[in-house]
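Please look over the sequence and the model shown here before reading on. The report then takes up a few features in turn.

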Amino acid sequence: MAKDLVYDFGKKNYKKVCKEGLKKYYGGKEDEMFVAMVGLSCAEVDNINPLGFLQKKLVQSLSARETASYFSSLVLQKRLLYQFMIDDIDMSNLSLPLSEHILSKIFEKISHNEYEIIINSPKMIKIELESKTLMISISDDEVIKILVDEYVDGDLKIRHWYQ
């Protein structure tokens, strides 16, 4: 495995590991531990789309298959959130594995109807978590993005966006 990326992963430099790791992956580096590390890094920086193809390489060990399921769940949760926000699909009958990722927490709250509609069109919803408030909306870009703003004590701390 690329030692410099392992070091960066240990230092939580996930953006670099995701970006450089994907380059190495496309260049032919496909061993499971490397692919899992790259995918976990991408998940940490909300780069969810690559997880769909990275998970295909995670089949040899139990931990690799568990990681692949985590990646698949995030991809599906992101896609369903997109459809919920844009197409108004009903998610109340859906169940997926849950994780600590923000997409998973949002999915759980929406699937249990634990959200408040702030604006109906374009849709904006509010979700209360233990220590933060999430405001979820759609962008007005040509290619619509889902925006997730995390507030703590009324202050914007993080903006996630998904396409």
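What follows covers the basis of the model, its disulfide, its nonpolar core and its pocket.

## Basis

This is a predicted model, in which local features need pLDDT of at least 70 and side-chain atom pairs count only at pLDDT 80 or more, while totals for chains, interfaces and linings use all residues. Residues are numbered from 1 along each chain as its sequence is written, and side-chain values use heavy atoms, with hydrogens and water left out.

## Disulfide

Cys18 and Cys42 form a disulfide with their sulfur atoms 2.1 Å apart, the term meaning a pair of cysteine sulfur atoms within 2.5 Å. Cys18 lies in helix H2 (residues 14–26) and Cys42 in helix H3 (residues 32–44), so the pair ties together parts that are 24 residues apart in sequence; helices (H or I, at least four residues) and strands (E, at least two) are DSSP runs, numbered from the N terminus. The torsion about the S-S bond of Cys18 and Cys42 is about 95°, so this disulfide is right-handed.

## Nonpolar core

In the largest nonpolar core, which has 40 residues, Leu81, Ile106 and Ile136 touch the most other members. Such a core is a set of buried (under 20% relative accessible area, 1.4 Å probe, protein chains only) Ala, Val, Leu, Ile, Met, Phe, Trp, Tyr and Cys residues joined through side-chain atoms within 4.5 Å. Helix H5 gives the most to this core, with nine residues.

## Pocket

The lining of the largest pocket receives the most from strand E5, with five residues.

Conventions. Buried means under 20% relative accessible area, exposed over 50%, partly exposed in between (1.4 Å probe, protein chains only).
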